[in-house]
Amino acid sequence: MPILKTGDLGYFDGKGRFYITGRIKRITKLLGKRIDLEEVEQFLLEKGIETICVEHQNRLFVVSTLAEIPPEIQACLLEYLKISPLLVTFESIPEIPRLPQVS
């Protein structure tokens, strides 16, 4: 069987079907700039804000349970990433969904 290194994590079930459960690295590109999504989440966590970051249609979505990420933190993140504010959307949700931890 050939091996294709995609960076995806997953498992095969008893019928040989493959289920993707995540990625080894969560890196995206916005207008050619590589952005590590976990690094962005860690940057904000160090400022006391828990987030989940995803890329969708060439935009970075920063999602938190806060009603609003303070504008000064938003500006700090944009400066840190060195990207246009037009590429980032800050969203609020009631709860960050988490999968159960597998041991």
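How many bridges join strand 6 to strand 7? The legend of view 2 gives the count. This is a predicted model, in which local features need pLDDT of at least 70 and side-chain atom pairs count only at pLDDT 80 or more, while totals for chains, interfaces and linings use all residues. Residues are numbered from 1 along each chain as its sequence is written, and side-chain values use heavy atoms, with hydrogens and water left out.

**View 1. Overall arrangement of the chain.** The chain holds 2 helices and 7 strands, where helices (H or I, at least four residues) and strands (E, at least two) are DSSP runs numbered from the N terminus. Read from the N terminus, the order of elements is β-β-β-β-α-β-β-α-β. Of the 103 residues in the chain, 26% are buried; here buried means under 20% relative accessible area, exposed over 50%, and partly exposed in between (1.4 Å probe, protein chains only). Among contacts with a separation of 6 or more, 44% come from residues 24 or more positions apart, a contact being heavy atoms within 4.5 Å.

View 2. The 3 strands form an open sheet in the order 5-6-7, with mixed pairing; two strands pair if DSSP finds at least two bridges between them. Strand 5 (51-56) and strand 7 (88-92) stand at the edges with a single partner strand each, so one side of each has no neighbour in the sheet. On average, neighbouring strands of this sheet are turned by 25° against each other, direction ignored. Strand 6 (residues 59-64) and strand 7 run parallel and are joined by 5 bridges. Valine 62 has phenylalanine 90 in strand 7 as its bridge partner. Helix 1 packs on the sheet, touching strand 5 and strand 6, and its direction makes about 145° with that of strand 5.

**View 3. Packing of helix 1 against helix 2.** Helix 1 (residues 37-45) and helix 2 (residues 71-81) pack at an angle of about 140°, with their axes 11 Å apart. Helix 1 is therefore oblique to helix 2. Axes are lines fitted to C-alpha atoms, for helices over the stretch in contact, and angles run from 0 to 180 degrees between N-to-C directions. Angles under 35 degrees count as roughly parallel, over 145 as roughly antiparallel, 65 to 115 as roughly perpendicular and the rest as oblique. Glu39, Val40, Phe43 and Leu44 of helix 1 meet Ile73, Cys76, Leu77, Tyr80 and Leu81 of helix 2. By class, this contact has 8 nonpolar, no polar and 1 charged residues; Ala, Val, Leu, Ile, Met, Phe, Trp, Tyr, Cys and Pro count as nonpolar, Asp, Glu, Lys and Arg as charged, and the others, Gly among them, as polar.

**View 4. Surroundings of threonine 51.** Threonine 51 lies in strand 5. Its relative accessibility is 4%, so threonine 51 counts as buried. Not counting residues up to four places away in sequence, threonine 51 touches Glu41, Leu44, Val62, Val63, Ser64, Ile69 and Ile96.

**View 5. Loop residues with positive phi.** Leucine 31 is in the loop between strand 3 (27-30) and strand 4 (33-36). Its phi is near 50°, a positive value in a residue other than glycine. With a relative accessibility of 71%, leucine 31 counts as exposed. Glutamine 57, in the loop between strand 5 and strand 6, has a positive phi of about 50° although it is not a glycine. Glutamine 57 counts as exposed at 65% relative accessibility.
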